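Welcome, and take a moment to turn the model around before reading on. The paragraphs below walk through it step by step.

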Amino acid sequence: MGKDTISTAQMRAVVDEIIKAGRRLANRGRCPLMYEWHGKKYWGAAHGLAGIMHVLMDMELKPDEVEDVKGTLRYMIKNRFPSGNYPSSEGSESDRLVHWCHGAPGVTLTLAKAAEVFGEKEFLQAAVDAGEVVWKRGLLKRVGICHGISGNTYVFLSLYRLTGNVEYLYRAKAFACFLYDRAQKLIAEGKMHGGDRPYSLFEGIGGMTHLFLDMIEPSEARFPAYEL
């Protein structure tokens with residue numbers, strides 16, 4: 001795998017379909033792009049706006065498409081909860097989930113990407129703000145990267161890489177050390193969920209193991225299959 005493994009023409013065709021579908025569902029609404037899955041307009045990284053915007057920012061976009069991506073991210077920032085967390089789906093009033101898949105953690109990674117790609121301070125500040133939510137509320141009772149502590153730790157690694165602020169490295173180490181010291185014991189006691197698929201990358205200790213390996217070289221860490 002490497003450059004040009006997938007041709008520019010093939011990627012352009014996919015981008016065209018993503019943009020067209022997003023504009024069609026948005027239908028001159030307040031958000032430039034919108035998508036639906038299983039009857040809900042999700043916002044998160046796993047199957048919602050944050051994840052789709054993240055992919056688009058890795059593509060070569062036309063000027064109007066760039067503005068649609070920026071506008072979609074601004075819409076999300078404007079409509080976040082007063083706490084700083086992000087809804088799991090359009091219109092949701094439940095400020096509960098602080099996961100990569102739903103909530104501030106996944107959105108933080110996408111906003112950090114936007115700050116890097118577009119170089120605009122509003123996205124950097126929004127990423128920092130969302131990261132504060134993860135620090136305050138992200139020590140969950142699950143270990144995985146999709147909806148657990150391991151995934152939330154990658155938020156701080158991403159912000160450390162983006163800003164160079166060692167406070168984020170400290171926070172990443174704090175979450176990782178909690179897992180290293182206590183996760184197996186808490187799982188055995190039934191006080192922490194080991195995942196529906198306990199050895200998997202996204203739900204179980206496979207993701208925790210990946211995080212521990214990334215902590216060896218934190219400046220090179222990337223959320224698996226999401227940050228490129």
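**A walk through the model**

Glu217 is partly exposed, because its relative accessible area is 49%, which falls between the 20% limit for buried and the 50% limit for exposed. Keep in mind as you look that this is a predicted model. You will find Glu217 in the segment after H8. Pick out Ala50 as well: Glu217 and Ala50 are 167 residues apart in sequence, and their C-alpha atoms are 26 Å apart in space.

Now step back to the whole chain. The protein chain has eight helices and zero strands, so reading along the sequence gives the pattern α-α-α-α-α-α-α-α. How does the radius of gyration of the protein chain agree with that of a compact globule? For 228 residues, a compact globule would have a radius of gyration near 17 Å, and the protein chain has 17 Å, which agrees. Along the principal axes, the C-alpha atoms fill a box of roughly 50 × 40 × 35 Å.

Of the 228 residues in the protein chain, 50% are buried. Among contacts with a separation of 6 or more, 60% are between residues 24 or more positions apart. The accessible surface comes to about 11700 Å², and carbon and sulfur atoms account for 54% of that surface. As for charge, there are 29 positive and 27 negative side chains, and the centres of these two sets lie 5 Å apart.

Next, let us visit some annotated residues. Which residues does UniProt list for "binding site"? The unreviewed entry lists Cys101, Cys146 and His147. These residues are spread over 47 residues of sequence, yet they cluster in space, with a largest C-alpha distance of 6.3 Å.

Two of the listed residues can be found in one loop. Cys146 sits in the loop between helix H5 (121-137) and helix H6 (149-163), and His147 lies in the loop between H5 and H6 too. Is Cys146 buried or exposed? Cys146 is buried, because its relative accessible area is 12%, and the cut-off for buried is under 20%. Leaving aside neighbours within four places in sequence, Cys146 is in contact with His99, Trp100, Cys101 and Phe202. His147, with residues up to four places away in sequence not counted, touches His99, Cys101, Leu140, Arg142 and Glu203.

Phe202 lies in the loop between H7 and helix H8 (205-214). This residue is partly exposed, with a relative accessible area of 26%. Beyond its neighbours within four places in sequence, Phe202 is in contact with Trp100, Gly144, Ile145, Cys146, Phe223, Pro224 and Ala225. Ala13, by contrast, is 189 residues from Phe202 in sequence and 29 Å from it in space, C-alpha to C-alpha.

Follow the contact from Phe202 to Ala225, which lies in the segment after H8. Ala225 is exposed, with a relative accessible area of 74%. Its backbone is worth a look: Ala225 has a positive phi of about 65° although it is not a glycine. His38 also has a positive phi, near 55°, and is a residue other than glycine. You can find His38 in the loop between helix H1 (8-26) and H2, where it is exposed, with a relative accessible area of 67%.

From there, move along to helix H2 (residues 49-56), which holds Val55. Val55 is partly exposed, with a relative accessible area of 44%. Between Val55 and Pro105 there are 50 positions of sequence separation, and the C-alpha to C-alpha distance is 16 Å.

Our last stop is Arg171, in helix H7 (residues 166-188). Is Arg171 buried or exposed? Arg171 is buried, because its relative accessible area is 6%, which is under the 20% limit. Apart from neighbours within four places in sequence, Arg171 is in contact with Gly131, Glu132, Trp135 and Phe156.

Key
Residues numbered from 1 in each chain as written. Predicted model: local features only at pLDDT ≥ 70, side-chain atom pairs only at ≥ 80, totals over all residues. Heavy atoms only, no water. Helix = DSSP H or I, 4+ residues; strand = E, 2+ residues; numbered from the N terminus. Rg over C-alpha atoms; globule rule 2.2 N^0.38 Å. Buried < 20%, exposed > 50% of the residue type's maximum accessible area, 1.4 Å probe, protein only. Contact = heavy atoms within 4.5 Å. Areas by Shrake-Rupley, 256 points an atom, 1.4 Å probe, with all protein chains shown as cover. Lys, Arg positive; Asp, Glu negative; His and termini not counted. Charge placed at Lys NZ, Arg CZ, Asp CG, Glu CD. UniProt positions renumbered as here; feature names shortened; annotations may be inferred.
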